[in-house]
Number of protein chains: 2
Amino acid sequence: MSTQRQSEWLSQTRRGLLEIAVLALIERESTYGYEIVTQLSARPALAAGEGTIYPLLRRLRRDGHLETAWRESEAGPPRQYYALSAAGRAHLETLRREWQSIVESVNAALNPDESS
Amino acid sequence: MSTQRQSEWLSQTRRGLLEIAVLALIERESTYGYEIVTQLSARPALAAGEGTIYPLLRRLRRDGHLETAWRESEAGPPRQYYALSAAGRAHLETLRREWQSIVESVNAALNPDESS
DNA sequence: TCCACTACCTCGTTACACATGGTACTATTT
DNA sequence: AAATAGTACCATGTGTAACGAGGTAGTGGA
C-alpha cells in the first residue's frame, strides 16, 4: 500500500489539522494507532502514514491530552488504545473554536467582500 | 505593536494556509509585503509577522507564482509590489480546490455522521 | 537632534510531516 | 516446518516553514 505521494502544499498544511482530526476520531470512540491510520486513509486530504500518526499520538499523550491502555486483540499483536483525558476534551474544544476562526478567515480572503 | 503570542497549534496550522491567504490577497489587487502584514493582522487567525511573510513572498516568487516590480512611495522607502503570474493563478485555483477538500474532511471528522 | 513610522531584509531556533526500515505476533498457505 | 501476508507497534534522518529578534534606510514631525 504505502500512502501515495501528496502535494508539498498539502503536506505542510496538514500540520495541526491532523491533530484536530485525530482528537475528534478518539473523542468519537477510543481507538488505536493502526486503526486511525486506516480510517484517515479513506480521506485523501488527511491521509497520513504510520510515521506521522504514531509520533503525533505519543506527543498528545506526552502533553496530557490522551490516556492509554494496552488491550489484547483476538488475532494479532496487542493494541495500545487511546482515549481523551479531561484536558484533551478541553483542548479539542479550543481547537474547534480556532479551526472555525481559521475557516472563516481563509474563506474571507478567498472570497473578497461577499456582501450580505 | 509586534504580533501577539499565538498558540503553538495555530502556529503549526498556519503552514500552507498563509500561502493561500497571501495569494488571494494579491489576486484581489497587486500589493507589497508590509501592506500584507498589516492586512493579515486584522484577522487574528492569520496574523503573521514580517519574519514569516517576507520569506513566504520570496518563496512564491522563486517558484514562479509571483512577479515583482519596485515602485516608489510618496512618503517612505520604495515598495516591492507583487502580482500573480499565470502559473500563480493556476496554483491558486489548485489550492482553492484542495482547501475545499480539507475543510470538508476536517468538518466530517469533527461532526460524525451528520445524517442530513 | 531625536523619535516614530514605513518598508525592506537575514539568521537561528524549533517543530513537525514523511519515508524508510525494523520488531513481533497471528493465520494461512505450501 | 517454512514461507508469506496481515496486523500492530516503534525509531531515525531529512527537509521545510513559522517565528522572534535584530538590522538597514528613507521620511516627517516635535
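In this predicted model, a polar side-chain atom of Arg58(B) lies 2.8 Å from a phosphate oxygen of DNA strand C. Chains A and B bury about 3,200 Å² between them, and chain B can be laid on chain A with an RMSD of 0.1 Å.

- Sugar or phosphate supplies 72% of the atoms of DNA strand C within 4 Å of the protein, with bases supplying the rest.
- The backbone takes part as well: a polar backbone atom of Gln80(B) is 2.9 Å from a phosphate oxygen of DNA strand C.
- Two or more residues of this surface come from each of α1 (8-28) and α3 (50-62) of chain A, and from each of α1 (8-13), α3 (33-40), α4 (50-62) and β3 (79-84) of chain B.
- By residue class, the surface near DNA strand C holds nine nonpolar, 11 polar and nine charged residues.

- DNA strand D has 25 residues around it, of which Tyr34(A), Glu50(A), Tyr54(A), Arg79(A) and Arg14(B) come nearest.
- Of the atoms of DNA strand D that come within 4 Å of the protein, 70% belong to sugar and phosphate.
- Chain B contributes through Arg59(B), which has a polar side-chain atom 3.1 Å from a phosphate oxygen of DNA strand D.
- At least two residues of the surface near DNA strand D are supplied by each of α1, α2 (33-40), α3 and β3 (79-84) of chain A and by α4 of chain B.
- The element that gives the most to this surface is α3(A), with four residues.
- The residues near DNA strand D comprise seven nonpolar, 10 polar and eight charged.

**Interface between chain A and chain B**

- The contact joins 33 residues of chain B to 33 residues of chain A.
- Carbon and sulfur atoms give 68% of the area buried between the two chains.
- Trp9(B), Trp99(B) and Leu110(B) together provide 23% of the area that chain B buries against chain A, more than any other three residues.
- Between the chains there are zero salt bridges, while 10 residue pairs are in polar contact.
- On chain B, the elements giving two or more residues to the side that touches chain A are α1, α2 (17-28) and α5 (86-110).
- The largest share of that side comes from α5(B), with 14 residues.
- The side of chain B that touches chain A consists of 18 nonpolar, eight polar and seven charged residues.

**Relation between the two copies**

- Chain B is brought onto chain A by a turn of 180 degrees and a shift of 0.0 Å along the axis.
- The two copies are therefore related as by a two-fold rotation axis.
- Of the interface residues of chain B, 100% are also interface residues in chain A, so the copies meet through the same surface.

Key: Residues are numbered from 1 along each chain as its sequence is written. Chains are lettered from A and ligands numbered from 1 in the order in which they are written. This is a predicted model: local features need pLDDT of at least 70, side-chain atom pairs count only at pLDDT 80 or more; totals for chains, interfaces and linings use all residues. Side-chain values use heavy atoms; hydrogens and water are left out. A residue is near a molecule or strand if one of its heavy atoms lies within 4 Å of it. A polar contact is a pair of N or O atoms within 3.5 Å; within protein, one must be able to donate a hydrogen and the other to accept it, and residues adjacent in sequence count only if both atoms are side-chain atoms. Ala, Val, Leu, Ile, Met, Phe, Trp, Tyr, Cys and Pro count as nonpolar, Asp, Glu, Lys and Arg as charged, and the others, Gly among them, as polar. Contact means heavy atoms within 4.5 Å. Buried area is the accessible area (1.4 Å probe) that two parts lose on being put together, summed over both. A salt bridge is a side-chain nitrogen of Lys or Arg within 4 Å of a carboxyl oxygen of Asp or Glu. Copies are superposed by least squares on the C-alpha atoms of residues with pLDDT of at least 70 in both.
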